[in-house]
Every structure is written in structure tokens, then in C-alpha cells.
Amino acid sequence: MQLGTTWYPEYRDESTWELDLAQIRDAGIGAIRFGEFAWSRIEPEPGRFDSDWIARALAAMRRHGIEAVIGTPTATPPRWLCERSPETMPVDDSGRRTVFGARQHRCYSSPAYREASRGVVEHLAQRFGGDPTVVAWQIDNEIGGEAKACYCDLCAVAFRRWLEPRYDGIADLNKRWGTQFWSQTYQRFDQVPVPSRTALQLGLKHNPSLMLEWLRFHSENMVGFCHEQAAVVRRGNASRTPVLTNYDAFDWGENIDLRRMFTGLDVVGFDLYTDKDHVIACYCDLMHDVLARPFWFMEYDVSSAKLAAELDAIAASGAVERLFFFKFNPFPWGQEQSTRALRTVTGGATANYDAVRVWSKRSRPTAPAVRRRVGVVYDHDSSWSRFLTGWSGIPGDLTYPRALVNDVYRALHALGERARFALEPAALRDVELVVLPWTVVHEPGLEQAVLAHLRRGGSLLMTQDVFLKNRDNVFNETLPALYREMGCAGFLDHEPVGEHALVRDLRVGKARVVVLGTGATFEQWTHWLRMLLPAA
Amino acid sequence: MQLGTTWYPEYRDESTWELDLAQIRDAGIGAIRFGEFAWSRIEPEPGRFDSDWIARALAAMRRHGIEAVIGTPTATPPRWLCERSPETMPVDDSGRRTVFGARQHRCYSSPAYREASRGVVEHLAQRFGGDPTVVAWQIDNEIGGEAKACYCDLCAVAFRRWLEPRYDGIADLNKRWGTQFWSQTYQRFDQVPVPSRTALQLGLKHNPSLMLEWLRFHSENMVGFCHEQAAVVRRGNASRTPVLTNYDAFDWGENIDLRRMFTGLDVVGFDLYTDKDHVIACYCDLMHDVLARPFWFMEYDVSSAKLAAELDAIAASGAVERLFFFKFNPFPWGQEQSTRALRTVTGGATANYDAVRVWSKRSRPTAPAVRRRVGVVYDHDSSWSRFLTGWSGIPGDLTYPRALVNDVYRALHALGERARFALEPAALRDVELVVLPWTVVHEPGLEQAVLAHLRRGGSLLMTQDVFLKNRDNVFNETLPALYREMGCAGFLDHEPVGEHALVRDLRVGKARVVVLGTGATFEQWTHWLRMLLPAA
Amino acid sequence: MQLGTTWYPEYRDESTWELDLAQIRDAGIGAIRFGEFAWSRIEPEPGRFDSDWIARALAAMRRHGIEAVIGTPTATPPRWLCERSPETMPVDDSGRRTVFGARQHRCYSSPAYREASRGVVEHLAQRFGGDPTVVAWQIDNEIGGEAKACYCDLCAVAFRRWLEPRYDGIADLNKRWGTQFWSQTYQRFDQVPVPSRTALQLGLKHNPSLMLEWLRFHSENMVGFCHEQAAVVRRGNASRTPVLTNYDAFDWGENIDLRRMFTGLDVVGFDLYTDKDHVIACYCDLMHDVLARPFWFMEYDVSSAKLAAELDAIAASGAVERLFFFKFNPFPWGQEQSTRALRTVTGGATANYDAVRVWSKRSRPTAPAVRRRVGVVYDHDSSWSRFLTGWSGIPGDLTYPRALVNDVYRALHALGERARFALEPAALRDVELVVLPWTVVHEPGLEQAVLAHLRRGGSLLMTQDVFLKNRDNVFNETLPALYREMGCAGFLDHEPVGEHALVRDLRVGKARVVVLGTGATFEQWTHWLRMLLPAA
């Protein structure tokens with residue numbers, strides 16, 4: 001695992017570069033990420049570019065034997081763009097357009113934003129695409145991080161245009177969404193509302209089929225933006241260095257289809273801020289499994305009191321190729337001002353600067369190889385369906401990713417296990433135990449893989465809501481094959497739940513299937529995982 | 001007590017009707033409520049009606065010996081109405097008009113909404129008013145459930161028009177409301193503001209007299225809508241079947257004067273979702289006492305683990321004539337999608353389907369007759385005043401209905417008692433103990449009834465805030481007769497409160513009067529009710 | 001200490017005045033404050049004044065030997081002003097202009113508001129400036145109480161105009177604020193946004209330098225309004241009676257620079273609502289120290305169960321010259337309707353009326369003189385910086401004033417000590433122990449005073465964040481002299497914190513310096529204050 005760090009020439013006085021880079025090199029750090037918020041520096045006015053400082057910074061890095069990752073700056077549109085084209089700024093769910101002053105203030109549906117983004121990235125890619133110091137390009141920063149969805153008129157039009165080919169006319173949409181409920185039948189696609197917050201005193205929700213499509217639309221809209229940017233970079237990328245983006249572990253639930261996004265890129269990038277060992281381990285397994293190859297931590301927090309031990313564990317996981325600390329120097333100003341960095345604000349070394357320096361020079365401990373024999377299904381549609389759930393009775397207070405990390409994976413971690421995350425059914429081929437947590441949306445391909453697993457005698461641990469809904473976020477009125485195989489007629493959302501959250505403990509041929517209530521706790525997941533895991 | 005259920009022909013494929021109805025009949029259920037959200041089905045475009053499916057559904061019910069209640073669909077205006085007349089949609093307290101996508105999205109002051117509502121209901125009433133299958137009409141659905149108040153310009157005009165005849169000119173309003181306070185004197189009625197949320201950083205409130213009138217106006221506006229609809233139904237109602245509406249137990253405080261609304265109808269309808277025995281018992285007594293005759297549960301939840309015992313208790317109360325389960329089949333789609341129903345989503349019987357089937361066939365246990373010797377005053381003005389209370393020092397965090405149910409009535413229930421709810425003074429004529437909880441608004445008629453009760457030697461349990469205010473929501477500057485009779489000069493809102501929340505324990509002639517702090521708990525109510533109730 | 005009370009002739013029927021005033025006099029109360037919300041009474045329509053009632057009220061007070069403080073009524077603009085000039089009403093941080101109906105509904109930047117305010121106050125000052133009954137004038141009421149900031153277009157222009165002379169051009173602003181961060185570089189001052197709430201799903205903040213200037217601007221805007229009003233009063237104030245205003249103990253953090261405001265006035269006025277002894281004692285010391293002379297309690301709550309003991313303690317503090325109770329008669333109507341007053345709503349005496357009557361007649365106990373040997377620094381910039389802190393890592397959940405009162409001062413109070421509050425460095429000249437709590441903004445003058453104190457051998461108790469930032473709310477990149485003297489390189493925001501919150505316990509020459517974590521609790525402050533205080 002190679003160490004890197006964010007270090008921002010655009011924020012540091014040029015007179016300090018040499019000293020900074022010597023300190024970086026001296027800590028055994030060999031790569032730098034920068035540039036991802038520097039739009040107004042690179043393009044101070046429309047169409048006038050100033051990137052000589054980048055050339056000088058790359059040259060300085062090269063002199064110190066340090067590699068570079070350039071971040072494209074499209075997450076922070078400059079003041080002049082917002083002034084000239086206010087429609088580039090997103091609208092919230094009460095219909096209010098944001099003011100200038102934060103970041104991620106961009107509507108992905110805005111042609112003006114898209115065009116300006118292509119412009120600045122094309123300049124960078126054309127000029128630095130062949131630079132030998134540059135080992136990768138990071139598209140944007142934490143796409144979708146601060147704003148999951150924009151509710152502007154441009155998005156309304158784009159949403160309806162995106163919906164139309166997915167249905168066999170408006171009558172098909174009405175039927176599949178059940179719009180006869182509450183009299184919501186549409187005559188035309190342009191009547192489908194953008195699901196802004198209703199202004200009623202009880203917080204009523206929109207139709208759940210509409211809502212799931214709304215989340216999918218925004219995921220696709222952001223993926224489309226990311227891939228468009230990647231294409232611009234690749235056109236100028238003479239040295240064919242990898243293109244990636246950095247995704248974040250959003251507490252509030254993920255909002256982009258990870259496989260869709262990273263399948264169009266070369267490397268999975270990920271940002272993590274935690275000091276909890278099970279969380280670190282979980283994301284190592286999960287982000288590795290998105291493309292089934294090692295990924296890069298693009299931001300890793302430096303304030304943990306046990307940083308060296310965390311680096312040991314991450315390196316030993318084999319899941320991570322590069323790890324960039326965030327950040328080398330503190331930001332004295334701005335919204336992220338803080339003293340959390342490898343150097344102090346007055347220029348000294350922190351304890352963790354010294355810890356990294358020692359760590360990078362010593363030999364890594366070899367970790368015991370842990371076979372990943374538990375397959376955990378991760379399904380975006382199910383996650384989003386759960387996020388949207390209100391009156392359906394399935395508890396929606398916990399987001400799917402949070403529960404997956406803190407209940408299911410933490411239980412595995414406590415038992416000394418790792419997980420093979422299945423973002424597609426094929427990943428279940430050679431595991432001993434399959435876990436289907438809150439996988440409410442029925443995917444026939446996944447169901448076939450689970451049935452094949454059972455026929456091989458593999459165990460299954462699932463929640464009571466598995467496959468209850470179809471891809472329209474509507475309850476299935478015919479029983480999925482899994483339930484027929486189990487000899488069950490399905491479960492109700494108010495099913496009586498027994499000891500350790502048990503709803504049913506079944507034999508299906510040679511296989512054992514345990515069904516848990518959707519509210520199963522960490523302790524209950526631990527109990528059943530222990531029961532179902534053969535001694536290693 | 002006759003059993004019914006909601007079952008929606010508009011949501012079920014016509015091919016399933018026969019099987020559904022046979023299952024309903026087989027469970028001993030003899031009545032169906034439907035239609036209350038089917039506006040877009042009945043009137044797919046303005047003025048074009050399609051109700052042949054209702055005729056077919058009624059015929060099918062009749063074949064199975066099942067009676068019908070038609071719900072009028074005015075709580076879900078269709079897309080075309082909102083598109084054509086956006087002013088039919090309500091505005092929230094920050095001035096934002098709701099988007100389409102939920103239900104109850106209607107402003108009761110909108111002429112276009114009123115006209116369209118009359119149109120669709122007239123069609124139904126004219127066509128099915130004489131149908132022998134129809135045993136009742138339900139007006140709308142849970143009126144005022146999602147939106148207590150609309151703040152639009154139409155409501156502003158209607159509110160001022162409603163205010164004007166209640167005052168002897170603007171000077172009288174200024175005097176009664178005390179608008180000299182904070183310099184709020186008005187010169188004209190059209191200056192009285194709609195009490196939208198103030199946009200200050202501390203959440204300051206509007207004048208409490210204005211606010212109470214605002215709540216009364218909306219109650220009257222909704223009652224007026226309901227009665228107008230009832231008149232339309234009655235004009236077409238050849239068979240003179242009863243007209244009702246279904247009120248809901250709103251946790252957030254009731255928002256319609258129950259006697260005002262139901263006095264213009266034939267039957268009290270009520271919806272309840274709970275499995276708490278004291279809540280069920282409380283609403284049985286309360287809703288019975290609105291018109292002093294048995295009422296109908298129009299929606300009763302089917303997911304309780306002890307449904308049969310609940311049905312026994314309700315039947316034994318003698319307060320309920322009909323009970324409709326909600327719901328027979330689950331909704332697979334839409335905002336209320338859920339598996340909570342008597343049948344499963346894949347068509348099977350739930351445990352409670354079987355429980356109902358058994359219950360409807362066996363003889364009802366006879367419950368011990370419990371004489372209702374405790375009169376509990378229920379006063380809307382006091383409830384609303386309490387809801388509005390902020391700086392007055394009387395705790396406003398608990399709504400009046402919630403406290404009444406969970407503190408006062410629960411205490412009675414724990415002691416094996418029932419209540420006679422007095423929504424008007426006459427109901428106190430023959431009780432042994434009168435409870436006046438948070439009855440802050442002084443009603444001279446009620447005071448006379450309480451004094452007469454004391455002179456008969458009856459006991460009184462009251463909170464310290466009783467009768468402190470007049471109907472303008474203003475503190476009385478002269479002492480109410482009750483206090484003179486008690487020899488007290490009234491109580492302060494920061495009165496010292498003793499053991500068991502006691503403020504005063506008095507003799508008034510032969511009668512005992514106990515005054516409690518307004519924050520008395522369930523345990524404290526239980527203590528004093530036990531003290532004051534003679535052994536049965 | 002002389003007793004006063006608020007008593008409102010504008011709210012009382014003139015027939016009750018004589019009785020009211022006799023009751024006031026009989027309780028030993030010799031002064032009255034009134035008029036501060038009576039604008040619509042004084043100026044019922046634009047330019048037409050009615051103040052004869054004030055003349056009659058003053059005459060009545062004089063007859064009873066009672067002195068008067070006139071409050072100017074500018075905190076409650078009348079309906080006609082808001083109707084004629086809607087731009088006088090403030091806009092909140094989501095861009096919504098407030099509706100009429102509360103108080104403090106005024107934008108201090110509005111010329112129309114300023115002009116109307118001058119008009120009504122000039123009338124009062126000209127007519128009653130020489131009245132011998134009037135012993136002081138109170139400007140407005142709790143300025144900034146309900147609305148810290150207005151976000152309207154007038155404020156936007158005024159803010160930018162105020163900013164411009166504070167910077168050496170926009171480039172200087174960009175540099176000092178670090179606007180290169182997140183690409184926020186401005187080309188012109190008119191691009192600096194009013195920091196409205198961003199409409200993103202994560203609540204991102206604005207640049208912290210911008211935010212601190214925004215708070216300073218509003219403080220200055222309100223101070224400017226106050227001083228303008230004071231000038232109007234003084235022009236008519238023939239008898240040269242003192243001019244003051246009443247500040248409030250805002251739980252949410254103070255929003256006006258107290259020394260800036262009161263330096264332009266004659267007396268410090270303060271309102272307090274609490275029955276906590278340490279809070280009373282704290283504000284006695286603090287408000288005394290604003291101008292280093294006794295202040296006036298303009299509002300003091302009357303509902304405490306130990307009012308006489310509180311009066312004893314306040315009188316013994318020597319910090320208070322006059323104390324006005326709030327309020328003599330209850331308000332039966334309006335937003336502050338309540339029974340909390342010295343008289344009941346039906347006209348009787350409360351227990352505290354009798355307590356005041358007794359107290360005013362008996363001799364005051366002499367309190368032991370407590371030397372104020374602990375200097376506590378109070379710094380607005382630091383308080384505001386802390387209030388704005390988010391991602392900087394310094395906990396921002398507690399406001400500075402709340403922590404100062406309930407952690408630091410409460411600890412002093414528990415040890416029998418009082419504080420000398422240093423709102424300017426000179427106040428530290430002769431104390432034995434200096435406390436620097438969360439004094440994050442580096443003021444060189446203050447630093448010099450602290451260093452001089454250390455050189456005298458005085459002890460220092462400080463939090464780890466002291467002087468870390470400059471006046472731009474930006475972390476200092478060079479080490480402040482205090483740290484060099486301490487031989488420390490500064491502290492990180494994630495510094496390990498030891499027992500009793502200890503970060504460092506140092507000797508600096510003869511002086512002892514203890515550095516605590518920013519989250520130190522009351523118990524921990526108590527521990528260290530006890531350690532550092534020499535036996536008295």
C-alpha cells in the first residue's frame with residue numbers, strides 16, 4: 001500500500017513549497033492529490049485560464065520524487081458562473097434556490113454548468129494529460145455529497161424525459177405505480193410532479209414508486225455527469241493514467257449506484273472519516289468489491305490516536321492500493337478550518353506526522369489471511385426503498401448503509417470474519433453463508449443465485465422483508481420463488497418476532513435458512529451469524 | 001355490533017371481486033366502505049363521469065348480502081383540478097403553496113374546489129342515492145387530518161369576513177384582544193393578519209385571541225364544507241340513509257368542534273389506530289357522548305395481536321353500532337403500501353382474518369355493566385387555548401386530547417371506571433364526580449352546571465387553570481362564581497404545588513373540591529380519583 | 001438600591017391609576033418604567049401624536065412621589081408603518097420577509113423605519129424631556145432580542161458598504177478570508193453574499209470570516225440605531241436625565257458588543273429572568289463591569305419563591321443602583337399574557353407583593369465584602385467565533401455566555417468568589433488569577449495584559465484554544481507571544497485531555513499556568529479554580 005496525502009499548492013504560498021514537499025517526502029509519502037476546489041484559481045474569469053502554477057507545482061513534486069493526482073474542480077463553481085447563470089445553482093425540496101457560499105452548488109441538469117465544467121476540465125486535461133508526474137485524475141469531489149437531488153425546473157423536464165422511455169405510455173406508469181391510490185392518475189408525463197416537500201402540516205410523502213424513480217434519476221444524472229467528465233479527461237490523457245472519483249461514506253444513505261459509477265472509471269476512490277475498526281474493515285471489503293479489485297483511499301483522516309494500527313489493518317486487508325491522508329497542512333481559513341492535519345498550523349510536526357514517518361519506514365506486519373466466506377448482498381434499490389419507507393411499516397429510521405455497517409458487519413467483525421459484498425449475484429458463487437439484509441426489492445437474477453447457493457447446501461440468513469417488492473417499489477402480489485422453495489407464504493411487516501429476533505428457522509433441503517425481524521440488533525446478528533458459521 | 005370492512009373495488013381487478021366478497025362474507029363481515037379516494041376514477045376529466053363500476057360493485061355486494069357505505073372522494077382532488085385551479089391547493093404557514101402528490105391538498109375557502117366537490121358528489125348522490133345496498137354515506141375522509149389551516153389569500157379574506165360580524169367594529173376587536181399590547185392596534189378588519197409563522201429568529205407567537213379565532217374559523221370552515229356536502233348527498237338520497245363522516249384521533253390535538261360537525265350529520269364516525277386498551281375505551285365513551293348515542297368505527301386497525309379481545313371490549317361497551325376494519329386487502333403500491341390487512345398481499349388469510357371469522361360466529365361475552373358516574377368535561381375552546389399557550393406559563397407541550405386520554409382517562413380505566421364525557425353542561429346532571437381538566441375557558445353555562453353539582457354534594461376534581469380565561473382567550477379580571485363559591489381568589493400559574501400535585505383540598509358545603517396543578521401526572525390523577533370516588 | 005416596577009398606564013384603565021399607584025407606593029416602590037411598546041397609542045396615524053395620556057400619567061406618578069422612566073416605543077412599529085413601508089420588516093435567513101404580528105419586526109437598515117423612529121421619539125423627547133418626574137429614558141427594548149440579523153436587500157447593500165473601508169480592496173478581503181478555499185474568490189464587493197441559509201441537504205456553512213463580519217455588522221448596525229435614538233432624546237432632554245437601554249441575557253448568545261453600545265449611553269440597563277443564584281450573581285458582576293459602575297435592572301422577574309433573599313443578595317453586591325420589577329399588573333391579553341406579576345389578575349396582592357412591601361421597609365443586611373480577585377476575560381469576537389464554529393473542531397453546541405455563566409462563574413460562586421469581568425485589558429491590572437475561557441481571538445493588547453500579569457507572578461487558567469485565531473476568524477500561522485512565553489508550540493483541537501480536563505500545567509517564571517480542554521465541565525473548572533486560588 002502506497003501512502004499519499006492531499007497537499008494544496010493553490011492554498012500554500014509558493015515560498016513554502018520546497019519545505020512542504022521535503023517534509024512530505026521525509027514522512028515516506030510518495031503521492032499528492034490537489035486541485036479539486038481550485039476552479040476560480042484556474043479560470044479566474046470565463047475562458048481565461050491560469051494554470052502555470054500547476055505546471056510549477058508538478059515540476060516541484062517531480063523534483064522530490066512525488067507523484068500527483070489532479071482533482072478536477074467542478075464541485076466549486078466560481079462566483080462569476082453563479083452570477084452569470086443562476087440556474088446552475090440547485091433548488092431544495094421547498095423550491096428555494098441556494099445562495100452562493102458553500103460547495104456542491106450545482107445543478108447537474110444545467111447545460112450552462114455542464115458546459116463550463118467541460119471547459120475547465122478540458123483545459124486541464126489538454127495541458128497536463130501527458131505529464132509524467134500525474135499518475136491519476138480524480139473527477140470532481142464526493143459527487144452528490146451535499147445535495148442528493150435538485151428540484152428545479154430543468155430537473156423536472158429532465159426527470160420526465162428520463163421517465164418516458166421506461167414506461168409503455170402514461171397508462172403503464174399509472175398501473176405500475178398504482179396512481180389510482182389517492183386519485184393521482186396522470187394524463188400526461190408532464191403532469192408527474194417533482195416530489196418537493198408537500199406543504200401540509202403532517203409530512204405526507206409522495207408515491208413510493210415515483211420516489212424510487214426520482215432517486216434513480218438523480219443517481220443516473222450524477223453518473224452521467226461523472227462519465228462525461230471522464231471522457232473529457234481521457235481525450236487529453238495521453239499517458240493513459242487511470243481516472244477515478246472519490247466517493248464518501250454518507251451516513252444519510254448512499255445516493256449513487258456505485259457499480260454504475262465506477263464501471264465507467266478505472267479505479268474506485270473512497271473517503272473515510274472514522275476511527276472505528278469495524279467501519280474501516282467494512283469499507284475495505286465493500287469498496288474493494290465494487291470492481292473486485294483494490295481501491296484507493298483518496299481521503300483518510302489523520303487525527304486518530306491509533307493511526308499506525310489502522311494503517312497496519314488496512315494494508316493487511318489487501319483491499320487498498322493507495323491511501324491519501326487528509327490533510328498535510330491545516331486550513332487556517334474557510335469552512336473546513338481546523339488544526340487536524342499532519343503538520344500544525346504554525347508549521348510543526350504533529351504526533352501523527354511522526355507516526356506516519358515511522359510507519360512508512362518499518363516493515364508491515366503480515367496479517368493472517370482471512371477467507372471471505374460470508375456473502376453479504378448490497379443492493380441500491382433496496383437501500384433506497386428502505387430510505388423512502390414510511391407508512392409501509394418497515395422501520396425507516398435507520399438507513400440501510402448505517403445498519404449494514406453497524407449491525408451486520410460489526411457482528412461479522414466481532415466474530416473475526418470478513419465479508420464478500422455482492423453488488424451483483426455472481427459474487428455469491430463460492431461463499432458458505434449468504435446474508436440478505438433488508439433486500440426488499442426482488443431481483444430475479446439475485447434470487448436464482450440464492451437458490452443455487454441453497455441447493456449447494458449453503459446457509460442463508462435473511463430479514464423478513466426480502467424480495468417483498470418489485471422494482472417499481474410495489475409489493476409483489478405473487479410469491480417469489482425463494483418463498484415457494486422455503487414453503488412459506490411470505491411474511492407480514494407485523495410478523496411476531498421471537499427470541500434473538502427470530503421469525504423462522506427452516507431447512508430447505510440440506511440448507512438452513514434463518515429469517516430475522518427487520519429490527520434485528522447487533523447482538524442478534526452476532527448470535528445468528530455465530531450459529532450459521534461453521535467453525536473456520 | 002355489526003362488522004364491516006373497507007374494501008376497494010376501485011383498487012381491485014374486477015376479476016377478483018367475487019372471491020374477495022366471498023372471503024368477506026365468510027368472515028362474518030356484512031358491510032363495506034369504499035370510494036373515498038376515487039375522484040379521478042369517477043371523474044377522469046372535468047364533467048365526464050364514469051361510475052358504472054360502482055353500480056357493478058354494488059350489485060356484486062348485494063349478491064353476497066353485503067351492505068355498502070359510499071365515501072365521497074373530495075379529500076383527493078385529481079391532477080386536472082389542481083392543474084386548472086392551483087388556488088385549490090393549500091398554503092402553509094410560511095406562505096408556500098403545496099405541490100401535488102399527497103392527499104387533503106385542498107383549500108376549503110376555494111370556490112373552485114367547492115364547486116368541483118359539489119359536482120362529483122352530486123353525480124354520486126343522484127345516481128346511487130336510492131340504491132338499496134347503500135346503508136350510509138360517508139362525507140369526505142378525516143376532514144382536517146393533514147392540514148389544520150390554510151394561509152392563502154382566499155382564507156385571509158374569508159377569515160376577516162367571518163370575524164367582522166363577531167365584533168362591534170374594529171374598536172371592539174382591539175379592546176377585546178388587547179391589541180394595544182405590542183402596538184398592534186388595527187384601523188380596519190382587512191389589517192388583521194393571517195397568523196403565518198413570523199420570520200424572526202425567536203419563534204414569537206401571534207396574539208392569542210387572534211389565534212383562537214383563527215382555529216375557530218378553520219373549524220367552522222371545515223364544518224361548513226362538511227354540511228354543504230351532506231346537503232348535496234341528502235338531495236339525492238331517496239332512501240334517507242344516514243350521512244356521516246369519519247373523524248380521526250389526532251395526536252396533535254383535535255381541530256374541529258365535534259358537536260358542531262356531527263350535530264349536522266346522522267351518525268358519528270370515527271377512525272382509531274391503537275392497541276392500548278385505555279385508549280380504545282376512552283374513545284368509545286367520548287365518541288358515543290358526542291351525540292349521546294352509539295357511533296360507528298369507520299376504520300379499525302387489524303394488526304393487533306389481541307384483536308378478538310378488543311372486539312369483545314368494544315362490543316361490551318354498548319357504545320358502538322358498527323365497526324369497519326381497515327383494511328381487507330393490503331395496498332401493494334401508494335403512500336399507504338403495507339401488509340397490514342386481513343388478507344396477505346399474495347392472497348392468503350392472515351391470523352386475524354381467522355380470528356375475525358371465529359369471533360363473528362361465536363356469542364359475545366356479556367360485559368359487566370359499568371355505570372358512568374364520573375363526568376369529564378371536554379371543551380374545544382379550552383383545548384385550543386391550551387394548544388396555543390406559550391408565554392402564559394401553562395405548560396403547552398402536551399396537547400389536551402393526549403393528556404385527557406393518557407393521564408385522566410387512563411387513571412379512570414385503571415380504577416375500573418368509565419367516563420361520561422360532557423361536551424355540553426347538561427351531561428353533568430347525574431354524575432357523582434365532575435372532572436374539569438384544563439378547562440381554562442370560562443363558560444357560564446358550564447359553571448352553573450358545576451355549581452349545581454356541588455350544591456347536590458357532588459365532588460369536583462379540577463386543575464388550577466379552570467375558567468381563568470374568557471372566550472376571547474383573555475384572562476378574566478373578575479373572579480368567576482365558582483371561585484367565589486370556593487372562597488378562593490383564583491390561582492396563579494406559578495402556584496406552589498404540594499404532594500400528589502395538590503394545590504387545594506376544600507369543602508364547599510357538603511361537597512369536596514380538589515384542585516391540582518396543571519402538570520398532574522397519570523399517577524397523581526389516579527391518586528385523587530381514587531380518593532374522590534365513593535366505593536362502587 | 002432603589003426599587004421600581006414596570007407599570008403601564010397605556011394598558012390600564014385610567015380609573016384604576018390612583019389605586020394602582022397607591023399600591024405601588026405602599027410596597028415601597030418609588031419608580032416606574034412604561035411606554036416602551038406604545039407606539040400605536042402615541043402615534044395612532046402617521047404624524048398625528050396623542051401623548052396627553054403620558055402627561056396625565058406623569059402627573060399622577062408625581063402626586064404619589066413616584067419617579068418615571070420613559071421607554072421609547074420603537075421595538076413595535078405600528079400596523080400603518082408596516083403597511084405603508086413593508087421594507088421596514090426584516091427578512092429571515094431563508095429569504096422570507098416576516099409578517100406583522102409579533103414584535104421587533106424592524107430592519108435597522110431601513111430608512112423608512114429609521115425616519116419613523118426618529119419622529120415618534122422626537123415628539124416624546126421634546127414634550128417630556130424637561131419633565132421633573134422623568135429620571136431616565138430607556139431607548140427601545142431589548143435591542144436585537146428576537147432578530148439577530150436581517151437578510152434583506154437593504155442590509156446586503158449596507159453590509160457591503162460597511163465592509164469596503166475595512167479592507168484594502170477586494171484582493172485584501174480575498175486574502176484575509178482565504179476565499180481561494182472552495183473557489184470563492186470575489187472580483188467585487190457587491191459579490192459578497194448575504195450569508196442566508198444554503199439550500200443544500202447538508203447544512204453547509206458560509207466562510208467563517210464572512211460570518212464574523214456579518215455578526216459585527218449587525219452589532220454595529222444596532223448600536224448605530226441605539227446611539228441615533230439617544231441623540232434624538234438628548235436633543236429634547238432639558239433636564240439632562242440619563243439615557244440607557246435594557247439589554248437581555250440571551251441564552252442563544254449575545255449579539256451586541258456591550259461596551260460599544262453602553263459607552264454611548266449613561267447607564268447600563270439589564271433584564272434578567274432566573275431564580276438561580278449563580279446566574280444572578282454573575283450578571284451583577286458582568287453588567288457592573290461593562291462601564292465599571294452600578295447598573296440598573298430594568299426588568300426583574302417577580303415569581304421566584306425566594307424573592308426577598310435575591311433582593312438581599314443583589315443589594316449586597318453593590319453592583320445595582322435601581323431594580324425594576326417586571327411586572328406590577330399581569331397582562332390579561334396579548335402574547336405575554338400571564339399571571340406572573342406583583343398583583344393578581346383580579347386585583348389582589350400576591351405573596352411577593354407582600355414580600356416586597358416587607359423588604360422595602362426593613363433594613364438591608366450587610367453582606368460580607370468579597371474582594372474580586374479573579375479576572376475573567378469576556379470577549380465578543382471570541383464569543384461570536386465560537387458561536388459560528390462548526391467544522392473547526394472546537395465544540396460549538398454551548399454558546400459562550402451560557403458556558404461562562406453555568407460552568408466558569410458557577411464554579412467561582414460555589415467557591416465563594418466573585419469575578420471582575422474584563423471587557424477590556426486594563427481590568428486585569430490588579431487581580432490575582434486571570435481566567436481566559438475560550439478566548440480564541442487573539443487581541444495583542446489583551447495578550448500584553450496577560451503577560452504582564454504573569455510577570456507579576458499571577459496565575460492563569462485558560463482553555464486550549466486561547467488566541468488561536470486572528471480578528472479575521474482565521475487560525476494564526478505564527479505563534480502568539482503567550483505561547484512562546486509558555487514554551488509551547490500551541491495546542492491542537494484534538495489534543496489529548498487528561499484528568500480534570502488538564503491539557504498542560506506549567507510554570508512561567510513564578511507564575512502557574514493551567515490549560516484546560518475546551519469541553520471542561522463545571523466540576524473541572526471548580527477543581528482548577530480551587531487549586532489556583534490562594535487561601536483568601
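Residues are numbered from 1 along each chain as its sequence is written, with chains lettered from A and ligands numbered from 1 in the order in which they are written. Because the model is predicted, local features need pLDDT of at least 70 and side-chain atom pairs count only at pLDDT 80 or more, whereas totals for chains, interfaces and linings use all residues; side-chain values use heavy atoms, with hydrogens and water left out.

At the interface of chain C and chain B, 46 residues of chain C are in contact with 41 residues of chain B, contact being defined as heavy atoms within 4.5 Å. The buried area is about 4,000 Å², of which carbon and sulfur atoms give 57%; this quantity is the accessible area (1.4 Å probe) that two parts lose on being put together, summed over both. Of the area that chain C buries against chain B, 17% is supplied by Arg96(C), Gln335(C) and Gln337(C), more than by any other three residues.

Two salt bridges are found across the interface of chain C and chain B, a salt bridge being a side-chain nitrogen of Lys or Arg within 4 Å of a carboxyl oxygen of Asp or Glu. Glu83(C) forms a salt bridge with Arg188(B), with the closest N and O atoms 2.6 Å apart. Across this interface of chain C and chain B there are also 19 residue pairs in polar contact, both residues being at pLDDT 80 or more; a polar contact is a pair of N or O atoms within 3.5 Å, where, within protein, one must be able to donate a hydrogen and the other to accept it, and residues adjacent in sequence count only if both atoms are side-chain atoms. The elements that give two or more residues to the side of chain C that touches chain B are helix H2 (39–42) and helix H4 (79–84) of chain C, helices being DSSP runs (H or I) of at least four residues and strands runs (E) of at least two, numbered from the N terminus. The largest share, three residues, comes from H4(C).

For chain B and chain A, the contact takes 46 residues from chain B and 41 residues from chain A, and the area buried between them is about 4,000 Å², with 57% given by carbon and sulfur atoms. Two salt bridges are found across the interface of chain B and chain A; Asp493(A) forms a salt bridge with Arg340(B), the closest N and O atoms being 3.5 Å apart. The count of residue pairs in polar contact between chain B and chain A is 20.

Over all chains, the whole structure holds 120 salt bridges. Arg234(A) pairs with Asp266(A) at 3.2 Å between the closest N and O atoms; because Arg234(A) lies in helix H8 (residues 208–236) and Asp266(A) in the loop between helix H9 (258–263) and strand E6 (267–272) of chain A, the pair ties together parts that are 32 residues apart in sequence. Arg234(A), at 30% relative accessibility, counts as partly exposed, a class lying between buried (under 20% relative accessible area) and exposed (over 50%), with a 1.4 Å probe and protein chains only. Asp285(A) forms a salt bridge with Arg418(A), the closest N and O atoms being 2.7 Å apart, and both residues are buried.
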